[in-house]
Amino acid sequence: MKRKGGSRRKSRTKFTRPPRKQGKKDITAYLQTFDEGDNVVLNIDPSVHEGLFNPRFDGRSGVITGEQGDCYTVAINDKGKEKTIIAHPVHLTES
């Protein structure tokens, strides 16, 4: 038996933006830069599909550990385990 659905399954409310915030994303979100050691918060922007991480990490905070292509690697603590997440700068906000 194969599991139905993918990584965006059961995330209808998490992946919808309020009506006034729908439409094209501001260009500054694409062009923002981070340095190693910066603290960031992972916030999924559902209108951008590139560099999208698993929804269970939405709202978590972490530390930038490096770059990988256009994306950044973020180290987070997931219930005592250190994990590395690759995320596009659109999905990151500085804390």
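**Exercise 1.** Determine whether Phe34 and Tyr72 are buried or exposed.

*Solution.* The structure is a predicted model, in which local features need pLDDT of at least 70, side-chain atom pairs count only at pLDDT 80 or more, and totals for chains, interfaces and linings use all residues. Residues are numbered from 1 along each chain as its sequence is written, and side-chain values use heavy atoms, with hydrogens and water left out. Buried means under 20% relative accessible area, exposed over 50%, and partly exposed in between (1.4 Å probe, protein chains only). By this criterion, Phe34 and Tyr72 are both buried.

**Exercise 2.** Classify the aromatic pair found in the whole structure.

*Solution.* Rings of Phe, Tyr and Trp (its six-membered ring) pair if their centres lie within 6.5 Å; planes under 30 degrees apart are stacked, over 60 edge-to-face, and the rest tilted. The ring centres of Phe34 and Tyr72 are 5.4 Å apart and the planes stand at 85 degrees, so the pair is edge-to-face.

**Exercise 3.** State how many helices and strands the protein chain has, and give their pattern.

*Solution.* Helices (H or I, at least four residues) and strands (E, at least two) are DSSP runs, numbered from the N terminus. The protein chain has one helix and five strands. Along the sequence, the pattern reads α-β-β-β-β-β.

**Exercise 4.** Explain why Lys4 counts as exposed.

*Solution.* Lys4 lies in the segment before α1 (27-31). Its relative accessibility is 66%, and therefore Lys4 counts as exposed.
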